[in-house]
Amino acid sequence: MTSGPTGTERVLADAAARGLDVEIIERPEARSVEEAAALIGIELGSLVKTLVVKRSDDRYLLVLVPGDRRIAWAPLRALVGVNRLQLPHAEQALAATGYARDTITPLGALGDWPLIADERIRGRRIALGAGAPGRSALVDADALLAVYGATVGDITEPA
């Protein structure tokens, strides 16, 4: 029986197919976004969480949120043009993306889910999940947003 590629292998394969330069770094597992940013040696705002958000029609969105911020639900709903959004259970997020929480990234994710990003990540080199615990993917945010055709807006508030 042959197993499929690991999460990090999926990240690298998808990045290569999209022409994105991605650097995978290994780090000790972190207990918080603050600890992860410190371990990587970046500002908290450059550590970007990929959150899976469920629409009422059971479709999903991937939302990029700087580490020092959280989703502002009303602006996100307005940007997406829906009245209801929610964070799914961990099992649903795993089924939708193929990645467990704290490892989720748009790179190599299952499904062709729309990517929505907070405008504050523009112009930065960011760290995302890399498909496996204890790893981060460093990538130019502007290049990532461009290859995914991401929708960008003011969709967060201070954490």
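**Notes on the predicted model**

1. The charged end of R18 sits over the ring of Y148, 3.9 Å from its centre. This is a predicted model, and the values here are computed from it.

2. R10 lies over the face of Y99, and the distance to the ring centre is 4.2 Å.

3. How many aromatic pairs does the structure hold? It holds one. The partners are Y60 and W113, with ring centres 5.3 Å apart. Their planes stand at 70°, over the 60 degrees required, so the pair is edge-to-face.

4. Y60 is in strand β3 (residues 60–66). W113 is in the loop between α4 (90–97) and β6 (115–118). The two residues are 53 residues apart, and the pair links distant parts of the chain.

5. W113 is partly exposed, because its relative accessible area of 24% falls between the 20% and 50% limits.

6. Now the sheet. Five strands form an open sheet with mixed pairing, in the order β5-β2-β3-β6-β9. At the edges stand β5 (85–86) and β9 (151–153). Each has a single partner strand, so one side of each is left without a neighbour in the sheet. As a reminder, strands of a sheet pair through backbone hydrogen bonds, either parallel or antiparallel.

7. Strand β2 (residues 48–55) pairs with β5 over two bridges, in the antiparallel sense. R55 has L85 in β5 as its bridge partner.

8. Two aspartates deserve a look at the backbone. D58, in the loop between β2 and β3, has phi near 65°, a positive value in a residue other than glycine. D102 is not a glycine either, yet its phi is positive at about 75°. D102 lies in the loop between α4 and β6, the loop that also holds W113. With 73% relative accessibility, over the 50% cut-off, D102 counts as exposed.

9. Helix α2 (residues 33–40) has a buried side. Which residues are buried there? They are A36, A37 and I40. These residues cover an arc of only 100° around the axis, which puts them on the same side of α2. The general point is that an α-helix has 3.6 residues a turn, so residues three or four places apart point the same way.

10. What covers the buried residues of α2? The cover includes three strands: β1 (23–26), β7 (125–129) and β8 (135–140). Just after the helix, G41 takes a positive phi of about 85°.

11. Finally, the overall picture. The protein has five helices and 10 strands. Its radius of gyration is 15 Å, close to the 15 Å that the globule rule gives for 159 residues, so the protein is as compact as a globular protein of that length. The C-alpha trace spans about 40 × 40 × 30 Å along its principal axes.

12. Of the 159 residues, 46% count as buried. Among contacts with a separation of 6 or more, 62% are between residues 24 or more positions apart. The Y60 and W113 pair, 53 residues apart, is one local example of distant parts of the chain being linked.

Methods. Residues numbered from 1 in each chain as written. Predicted model: local features only at pLDDT ≥ 70, side-chain atom pairs only at ≥ 80, totals over all residues. Heavy atoms only, no water. Phe/Tyr/Trp six-rings, centres within 6.5 Å; stacked < 30°, edge-to-face > 60°. Helix = DSSP H or I, 4+ residues; strand = E, 2+ residues; numbered from the N terminus. Buried < 20%, exposed > 50% of the residue type's maximum accessible area, 1.4 Å probe, protein only. Lys NZ or Arg CZ within 6 Å of the ring centre and 35° of its normal. Pairing = 2+ DSSP bridges. Arc of directions from axis to C-beta. Contact = heavy atoms within 4.5 Å. Rg over C-alpha atoms; globule rule 2.2 N^0.38 Å.
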